[in-house]
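Dear colleague,

Please find below the sequence and structure that I am handing over to you. A summary of the findings follows.

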Amino acid sequence: MEPPKVILLDAVGTLFGVKGSVGEVYSQLAKEFDVEVSPETLNKTFLHCFKASPPPIFPNAELHDIPQQEFNWWRKIVFHTFERAGVVERFADFSGFFSELYIHFGTAGPWFVYPDVLSSLANWRKQDIELGVLSNFDSRLFSVLQSLELSSYFSSVTISTQAGAAKPDPQIFAIALAKHNCPPSAAWHIGDSIVEDYQGAKAAGLRGIWIDRQKTA
């Protein structure tokens, strides 16, 4: 098989994952604000609220306004997560809690890099394959990649909040490939979502590769 010119990779669930679970991180930080709730409950309510939320795209926003839009988008999800868990009214300062939580997820603290990632990235770089990140994450991705010492491997990072489109929309794949001057037929996209990554890539003309982190983590 002829190697691709470009490999685009998803971020969360592909390059790195959450230590334990989102519910565990939320629960631990909530304790610091004197709110006790089980990680299992929060993980269940988070997944429900996250899946029910609209995609994080702000097509009419000015670039300098996007970080605040991202912040507001996530605040709604986290608020509804704790509301659905029946504990949101226990916070004396929910805004303070959320601000700390939001900042925390922009650091290396809650994340771990999957064990096969660094060797794979190094191997592709040795083959002169251009690498890019293509994610439905937000602007914090830049600081997370930097703090996890992954930034140097990638010559492009494309996120839905800045692109105005989210996977599986073919538009975001086209935006990412334009940064490499690469046709879809010469590119791969690797990710952990069958719909957003595998099917989205195929529909956009790339070779889609699905990685099952439930079995490889």
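What is the volume of the largest pocket? In this predicted model, the volume of the largest pocket is about 1400 Å³. Its lining is made up of 44 residues, of which Val12, Gly13, Phe46, Phe50 and Asp192 are the closest to the centre. Helix 2 (39-52) contributes the largest share of this lining, with 5 residues. Other elements that each supply at least two lining residues include strand 2, helix 1 (22-31), helix 9 (194-203) and helix 10 (213-216).

I would also draw your attention to strands 4 and 5. Strand 4 (residues 130-135) and strand 5 run parallel and are joined by 4 bridges; Gly132 has Ser156 in strand 5 as its bridge partner.

In helix 6, the buried residues are Arg140, Leu141, Val144 and Leu145. These residues lie on the same side of helix 6 because they cover an arc of only 135 degrees around the axis. Among the elements that cover them are helix 3 (66-84), helix 4 (94-104), strand 3 (111-113), strand 4 and strand 5. Just after helix 6, Glu149 adopts a positive phi of about 60 degrees.

Yours sincerely

Notes. Residues are numbered from 1 along each chain as its sequence is written. This is a predicted model: local features need pLDDT of at least 70, side-chain atom pairs count only at pLDDT 80 or more; totals for chains, interfaces and linings use all residues. Side-chain values use heavy atoms; hydrogens and water are left out. Two strands pair if DSSP finds at least two bridges between them. Buried means under 20% relative accessible area, exposed over 50%, partly exposed in between (1.4 Å probe, protein chains only). The arc is that of the directions from the helix axis to the C-beta atoms. Contact means heavy atoms within 4.5 Å. On a 1 Å grid over the protein atoms alone, a cavity is a set of points where a 1.4 Å probe fits but cannot get out, and a pocket is an open set with protein on both sides within 12 Å along at least five of seven lines; lining residues have an atom within 4 Å of a point. Grid points are joined across faces, edges and corners, and a volume is the space filled by probe spheres set on the points.
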